[in-house]
Amino acid sequence: MEEIYLDNAATTKPYPEVVEKMKIALTTTYGNPSSLHRMGIEAEKMIKEARKNIASKLDVSDKEVYFTSGGTESNNLAIKGAVNSLKRHGKRLITSSIEHPSVLNLFKRLESEGYDVKYLQVDNEGIIDLEELKAYLNDETILVSIMGVNNETGSIQPLAEIGELLSDYDNLYFHVDGVQSFGKVDIPLSKIGIDLYSISAHKIHGSKGTGALYIKRGTRIDNLISGSKQESGIRPGTENVPGIAGFGQAVELLPSQDDKEKMYRLKELLVTRILDEIEESYLNGPKIHSGAAHIANISFAGVKGEVLIHTLERDNIYLSTGAACSSKQDTPSYVLEAMKVKPKLIEGAIRFSFAPSTTEEEVNYTVDKLKDAVKMLRKIMQR
Amino acid sequence: MKRVYMDNGATTPTAPEVLEVMKPYFTDVFGNASSFHSFGREARNAITEARDSVAKLIGADDSREIVFTSGGTEADNYAIKGVAEALEKKGKHIITSSIEHHAVLHTCQYLEKKKGFEVTYLPVDEDGMVNPADVKDAIKEDTILITIMMANNEVGTIQPIVKIGEIAKEAGVTFHTDAVQAVGSIPVDVNQLNVDLLSLSGHKFNAPKGIGALYIRKGTKVAKYLHGGAQERNRRATTENVPGIVGLGKACEIALNAMDEKSAKLIALRDRLISGIEEQVDYVKLNGHRTERLPGNVNFSIRYIEGESILMKLDLEGIAASSGSACTSGSLDPSHVLLAMGLTHEVAHGSLRLTLGNYNTEEDVDRILDVLPKVVTDLRAMSPIYNG
Ligand SMILES: Cc1ncc(COP(=O)(O)O)c(C=O)c1O
Ligand SMILES: Cc1ncc(COP(=O)(O)O)c(C=O)c1O
């Protein structure tokens, strides 16, 4: 079997079309988009085209899409920018306890600066409690930041309901970390009333180092960085033309409805086979169809997730225990903790994440190997 | 018609060798460098190698002093705001020059307006040179940062960074230099320069756009700019731009090996271009220092015409040039750099920057020398203020 890469929530393989587009930008249309000459205009055109593609997928205007260096920067820009711009209206900020570190660590930082940050609890499917949100909302609240899809479990938040609750408040921005939801789950930004939406290219088969932030018209946020006038002055710095052009191309190849249905079928196959065939295995987070199609998180009692993924790597199967950027730290997943998964089971958790190209054969092979590996590791543990 | 690209100060094409080493990291080794598995580990190893190459090019003792960023602008912001935030309890005075890139200038203005800092903008002489004695005189009890660029992007003047570094060190003030135009073009050694922080950007020396680095000398206090994951030893969160980083590493390696050869070639082309223009076009003035100058930089004020109209004419001839910095092009304000050097508004408006790069040839220079005088003559013929 060739390598089976089921770590698509960590990063994805850029599509050949994306790489081709990037090569053009690297070698042919290499001008600086700010330059007035033809070389500059050609580069500018590539950016324009990418911006148009992305805006059209998000169903927003081109002028509302701003490029950044990735999901982390988009989140930092949205949150810091909103807080700095609205701070005279209040100090309350609301987020959830299962956000990505690029949101959570920033809020911790803002808390230490004196902001009043509320971290919403989640239920065992990883969903926030709207009543709790309602209770925290007040006239002092200037920002609510809730992710669309959780990167470890695929939980989908009730963004429409949240938007509805927020619509009663002024001087409050609604930010959504859409890095895992973009292209996977349809989120009608304007209808819901989302003011800021972060996305990242490398999660949708674009290249690492490029992201974007949707900033709804009329939403005023402060810059994160200062400099020249690129991205209408919101995000200075010579544009990463290859990355942006690749992003635009990747967006044209986002999963179709058929792809999504196929991913759900594969997820169902994987989860049901594992739960049926491996004793003491548990699905963490949302039920198969209430979560996103591309992520499943499963715990195996009596084994360490980390050891399990290393074992499977020998069979050319690539998985992870959870978020890549914290996978080096030995701390247990705060996401699973927040979902009240038992500590023993958190240790034995693995994240499976699919791409549209994932096949049934790969899933079956993975489950077969997983069965052997879990059996073997449990035996060793018992000795 | 062969196109001539002479705007390498704005950006450069990615070198084929650089693209070649990047390719596998788009396709086979596409993993997240933080991932445990082999995709991740291979990516991580590649980053380590690239970091070593960057460190080597700028003479850093330890490659852990290099933090990758999304480019020069971010590196400048990170350095300046980072030091300001880390040291604001100690003092709120910053020294910079009046000819910095907007990435530095606007960051300083931000700190002034929004964070209550006091910033001294040092003047420059008619060659665009900062006087180290002015730096020394400007240092006060509460000075926490000196930030002076290594080489100017518009006029190419190379600043006396060694001297300024000594002054900063003696005074115990953190010293940052924006070396975006210098790195890859002239020798840069962080220890010889006594800098604590140094910004560089890949796309100025044949690495891709969207990747840069900040050198942070061990022990220098800098608050971080992006919060999130633990990447870059907790100093810059976000999934690493592996292909970009690998490309930057390769470009550094090439720059180090070819430095002498490249700069000798560029200096020869540059000086031929300068003397050619001076001989063939009347009423021109070379901006910037004649010798303490980036090997690829040519900048002239051409009297009685608008810089932008020259650019348009040249563009029609397939020649890509600029009037100053790319980032301010399209704006009607004259260059803050030229004004700081004492040029009048009127003269500053008629500037033309030609910046040579690795791929320029003698033919390119000849082409310019063939086309430019005619363009100038034509434009002047239409000018109401020029009467031969
Ligand atoms: C939910 C979520 N938000 C933000 C990020 C950060 O994106 P990036 O790696 O592009 O900085 C990630 C992935 O790493 C993510 O999964
Ligand atoms: C001197 C100088 N500093 C900073 C920058 C900004 O670098 P970047 O475009 O990589 O953000 C540039 C170029 O644009 C520059 O010439």
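**A pair of packed helices in chain B**

H9(B) and helix H13 (residues 362-382) of chain B pack with their axes 10 Å apart and at an angle of about 15°. Helices (H or I, at least four residues) and strands (E, at least two) are DSSP runs, numbered from the N terminus. Axes are lines fitted to C-alpha atoms, for helices over the stretch in contact, and angles run from 0 to 180 degrees between N-to-C directions. H9(B) and H13(B) are therefore roughly parallel to each other, a term for angles under 35 degrees. Their crossing is right-handed, that is, the near helix is turned clockwise from the far one by less than a right angle.

This is a predicted model, in which local features need pLDDT of at least 70 and side-chain atom pairs count only at pLDDT 80 or more, while totals for chains, interfaces and linings use all residues. Residues are numbered from 1 along each chain as its sequence is written, and chains are lettered from A and ligands numbered from 1 in the order in which they are written.

On the H9(B) side, the residues that meet H13(B) include B:Leu269, B:Leu273 and B:Ile277. Among their partners in H13(B) are B:Val365, B:Ile368 and B:Leu372. Contact here requires C-beta atoms, placed from the backbone, within 7 Å. The residues of this contact divide into eight nonpolar, two polar and two charged. Ala, Val, Leu, Ile, Met, Phe, Trp, Tyr, Cys and Pro count as nonpolar, Asp, Glu, Lys and Arg as charged, and the others, Gly among them, as polar.

Conventions
Parallel < 35°, antiparallel > 145°, perpendicular 65-115°, else oblique. Contact = placed C-beta atoms within 7 Å.
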